[in-house]
Amino acid sequence: MLLTIDVGNTHTVLGLFSGEDLIEHWRIATDARRTADEIAVVLQGLLGQSPLLANADVNGIAICSTVPSVLNEMREMCRRYYGDVNNVVVEPGVRTGVPVRMDNPKEVGSDRIVNALAAIHLYGGPCVIVDFGTATSFDAVSSRGEYVGAVTAPGIEISVDALAAAGAQLHKVELVRPRAVIAKNTVEALQSGIIYGFAGQVDGIVERMAAELSDDPDEVTVVATGGHASLVSGEARSVDVHEPWLTLIGLRLVYERNTQ
């Protein structure tokens, strides 16, 4: 089985594939202080607690990370605890099949390239990927499968934290849909502003990106992913499909490209 690990700024998402099927997945907090030994303990605990994984053997590992210090410990964890297992870390020199048409390709996060690969594989191009993570990232992929550009905006959690910190009578609220857009209390007013405000942001940015990507903006597929995608994608008219495991699928594809 293939273990895929997507290390983000806030959360680390792990998935276990049997062939092309994702059979188990987990989401844990990203902690830059964790050592390789601690990561191994957490990982082995997750693998051991699932009845689906009885007697399962990990014979491959694919990793991408936006946190360099965590990536270093992930490498050490693989070396110490999975030394006999093939592992692929997405970094410069690793084959992805995605040409990067940016001024400085090294600035593009490995997770964004992996997302582009998965989106092209699943839906074809041109496409826009909206990733609701620590930041809300919009990635543009051409009809030829090229990563051609991006938009980055503050993420939902960052915006909520900033609002709570700056407003004397405001506080963090549960991120759920309110009863109506026009709210009758402060909590639902905040929820409405967050959810429908971000949905409007997505629609506005995607509309402009699609117009630049294609002469026919309607042919651009918009894919939503990331931790808060399910919250906003249902309210954003421009989103065509919600794929929560886009990065894990991309990691599987990268692993196959570099080990077969």
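Visitor: Which strand is D131 found in?
Guide: We're looking at a predicted model, where local features need pLDDT of at least 70, side-chain atom pairs count only at pLDDT 80 or more, and totals for chains, interfaces and linings use all residues. Residues are numbered from 1 along each chain as its sequence is written, and side-chain values use heavy atoms, with hydrogens and water left out. Strands here are DSSP runs of E, at least two residues, and helices are runs of H or I, at least four residues, both numbered from the N terminus. For D131, that run covers residues 127–132, strand β6.

Visitor: What feature does UniProt place at D131?
Guide: UniProt positions are given in the numbering used here, though annotations may be inferred rather than shown by experiment. The entry is unreviewed, and the feature it puts at D131 is "binding site".

Visitor: Is D131 buried or exposed?
Guide: Buried means under 20% relative accessible area, exposed over 50%, and partly exposed in between (1.4 Å probe, protein chains only). Contact means heavy atoms within 4.5 Å, and D131 touches N115, T136, S137, T225 and G226, not counting residues up to four places away in sequence. Its relative accessibility is 13%, so D131 counts as buried.

Visitor: Which residues is D111 in contact with, leaving aside neighbours within four places in sequence?
Guide: UniProt, again in an unreviewed entry, places "active site" at D111. D111 sits in helix α3, residues 110–123, and at 15% relative accessibility it counts as buried. With those sequence neighbours set aside, the contacts of D111 are D6, C64 and T66.

Visitor: Where is the place of H228?
Guide: H228 counts as buried, at 18% relative accessibility. Beyond residues up to four places away in sequence, H228 touches F132, I156, E157 and L175. As for its place, that's the loop between β9 (221–226) and α6 (229–232).

Visitor: At roughly how many degrees do the axes of α1 and α2 cross?
Guide: Axes are lines fitted to C-alpha atoms, for helices over the stretch in contact, and angles run from 0 to 180 degrees between N-to-C directions. The axes of α1 (residues 36–49) and α2 (residues 68–81) come within 8 Å, and they cross at roughly 70 degrees.

Visitor: Which residues of α1 and α2 make the contact?
Guide: On the α2 side, take E73, M74, E76, M77, R80 and Y81. From α1 come A36, D37, I39, A40, L43 and Q44.
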